[in-house]
Amino acid sequence: MAKARALGFDVCRIATADSPALARERLGAWLADGAHGDMAWMADTAERRADPRALMPDAKSVVMVGMNYGPAENPLAALARKDCAAISVYARNRDYHDVIKGKLKELAAHLVAAARPERADVKVFVDTAPLMEKPLAARAGIGWQGKHTNLVSRSFGSWLFLGAILTDLALDPDPPETDHCGSCRACLDACPTEAFPAPYRLDARRCISYLTIELKGPIPRALRPAIGNRIYGCDDCLAVCPWNKYAALGREAKLAARDDLAAPPLEDLASLDDAAFRTRFSGSPIRRVGRARFVRNVLVAIGNSGQTSLAGAALDRLGDEDPRIRGAAVWALARLVGREAFAAIAAARAGGESDAEVAQEWRESQRESDR
Ligand code: B12
Ligand code: SF4
Ligand code: SF4
């Protein structure tokens with residue numbers, strides 16, 4: 001633990017490496033419901049994901065680490081500034097995968113050295129392989145899976161990134177943590193898109209994190225209004241958890257919010273071309289989604305802003321080369337300009353649309369603005 005702390009981890013505990021209790025059944029039920037949406041990689045890897053030994057047949061222990069990324073300010077404050085973007089806490093600076101992976105490798109090397117003369121095999125993971133990190137962290141006693149399904153810690157609330165080292169060393173396991181949610185249901189009630197069909201179960205297809213990060217195609221129209229100005233991920237269910245009163249400010253500088261990502265103006269983000277997008281988000285997790293998905297999200301936020309001054313930003317994107325951006329621009333415009341103005345724009349522009357899904361956006365937006 002001393003070495004883990006010195007490397008920047010806030011908690012490090014050990015679990016046995018067997019399959020987490022009920023994980024196979026629960027993962028199977030979640031996939032059978034289609035709750036994973038378009039994340040086909042979750043279904044493709046299901047068999048391996050349910051059992052750590054599929055990744056390392058001789059694994060006896062898993063060293064689980066947590067890194068606190070507690071924010072300096074209430075992350076929900078950004079939701080009130082409708083002309084600006086709300087970016088989830090985890091994505092306001094460097095990609096946590098990159099930050100944690102290097103440190104995990106160092107911790108693994110330390111484990112190998114400490115075991116000598118015994119020979120130790122180690123493999124490190126931070127959301128990089130099919131491994132169920134949350135139930136393993138709960139078994140190691142780092143926290144428990146709350147009703148929002150994420151791991152909650154009595155010391156850090158909801159703000160912990162997880163990482164894992166699988167090893168064939170038989171290390172002494174720590175006792176597991178028990179559930180401390182009690183009768184609370186704050187996270188379930190806070191979800192803007194009603195993504196929890198039941199406590200401890202998330203329908204990713206309705207989750208803003210999925211819709212803004214994982215979903216490649218157009219965001220379903222019915223869910224767009226509830227997204228508000230959240231353009232990358234969502235923190236609502238995490239932020240309302242009462243256990244956050246014990247949370248501390250994260251100590252990793254690379255994860256502290258960049259000033260320009262605290263509440264960037266939507267208008268600036270909508271106009272980023274590919275080169276500007278890559279430069280602005282170099283080293284950030286946001287870069288992974290690419291410009292098309294990102295500007296699509298920004299346009300949904302513009303449509304939700306209620307600010308007619310942003311209609312020009314949507315109008316500028318009607319001719320974008322990417323159909324996802326054009327489609328979201330049509331939707332945003334219809335919500336910002338009056339019925340007659342939209343009808344005039346549609347008369348001039350809709351007929352030239354070659355993409356079937358965008359043509360459908362024109363038709364549906366016209367229908368809705370006529371109501
Ligand atoms: C797929 C995925 C997503 C998907 C689906 C999320 C989900 N809950 O499954 C989407 C894109 C929506 C997502 C969003 C987010 N994610 Co994510 N995601 C993952 C990933 C890759 C796999 C999770 C998984 O296995 N899901 C499958 C489901 C079936 O498993 P589960 O969530 O553990 O479900 C359990 C419960 O449903 C429970 N259960 C079911 N029925 C019942 C009934 C009872 C009574 C009980 C007690 C339990 C129970 O059993 C299941 C199995 O343990 C992990 C990394 C990893 N490799 O583990 C990161 C991970 C979970 N994500 C993480 C983060 C930070 C987020 C976001 C906060 C990002 C953001 N700000 O936008 C949001 C949070 C949304 C939320 N409320 O979950 C962190 C969470 C850290 C933590 N402290 O828990 C992880 C661990 C990545 C990491 N290495 O740090 N994510
Ligand atoms: S991350 Fe947001 S949308 Fe997803 S479950 Fe939590 S509150 Fe709901
Ligand atoms: S908000 Fe309440 S129900 Fe949700 S995880 Fe936190 S303690 Fe559990």
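Helices, at least four residues long, are DSSP runs numbered from the N terminus. By that numbering, helix H7 covers 186-190 and helix H8 covers 208-214, and Tyr200 sits in the loop between them. The model described here is predicted. The protein contains 17 helices and eight strands. Its radius of gyration is 22 Å, close to the 21 Å that the globule rule gives for 371 residues, so the protein is as compact as a globular protein of that length.

**Overall dimensions and packing**

- Taken along the principal axes, the box filled by the C-alpha atoms of the protein is roughly 75 × 40 × 40 Å.
- Of the 371 residues in the protein, 44% are buried.
- Among contacts between residues at least 6 apart in sequence, 76% join residues at least 24 apart.

**Backbone features in loops**

- Tyr200 is not a glycine, yet its phi is positive, at about 75°. Tyr200 counts as partly exposed because it has 14 C-beta neighbours inside 10 Å, and a residue is exposed at 12 or fewer and buried at 20 or more.
- Leu22 is a residue other than glycine with a positive phi, near 65°. Leu22 is located in the loop between strand E1 (11-16) and helix H2 (23-32). Leu22 has 11 C-beta neighbours inside 10 Å, so it counts as exposed.
- The peptide bond from Arg116 to Pro117 is cis, and its omega is near 10°. Pro117 belongs to the loop between helix H5 (96-115) and strand E4 (122-125).

**Helices H13 and H15**

- Helix H13 (residues 290-304) and helix H15 (residues 323-336) have axes that come within 8 Å and cross at roughly 5°. Angles under 35 degrees count as roughly parallel, and that makes H13 roughly parallel to H15.
- On the H13 side, the residues that meet H15 are Ala292, Arg293, Val295, Arg296, Leu299, Val300, Ile302 and Gly303. On the H15 side, they are Arg324, Ile325, Ala328, Ala329, Trp331, Ala332, Arg335 and Leu336.
- The contact of H13 with H15 has eleven nonpolar, one polar and four charged residues.

**Ala301**

- Ala301 is a residue of helix H13. Ala301 counts as buried because it has 26 C-beta neighbours inside 10 Å, against a threshold of 20 or more.
- Ala301 and Ala332 are 31 residues apart along the chain, and their C-alpha atoms are separated by 8.0 Å.
- Leaving aside residues up to four places away in sequence, Ala301 touches Ala85, Asn229, Ile231 and Leu266.

**Ligand 2**

- There are 13 residues around ligand 2, of which Cys191, Cys207, Cys234, Asp236 and Cys237 come nearest. H8 and helix H10 (236-239) are the elements that give two or more residues to this shell.
- By class, the shell around ligand 2 consists of nine nonpolar, three polar and one charged residues.

**Ligand 3**

- Around ligand 3 there are 13 residues, and Gly146, Cys181, Cys184, Cys187 and Cys241 come nearest.
- The shell around ligand 3 has nine nonpolar, two polar and two charged residues.

Conventions:
Residues numbered from 1 in each chain as written. Chains lettered and ligands numbered in written order. Predicted model: local features only at pLDDT ≥ 70, side-chain atom pairs only at ≥ 80, totals over all residues. Axes fitted to C-alpha atoms, helices over the stretch in contact; angles between N-to-C directions. Parallel < 35°, antiparallel > 145°, perpendicular 65-115°, else oblique. Contact = placed C-beta atoms within 7 Å. Nonpolar A, V, L, I, M, F, W, Y, C, P; charged D, E, K, R; others polar. Near = placed C-beta within 6 Å. Rg over C-alpha atoms; globule rule 2.2 N^0.38 Å.
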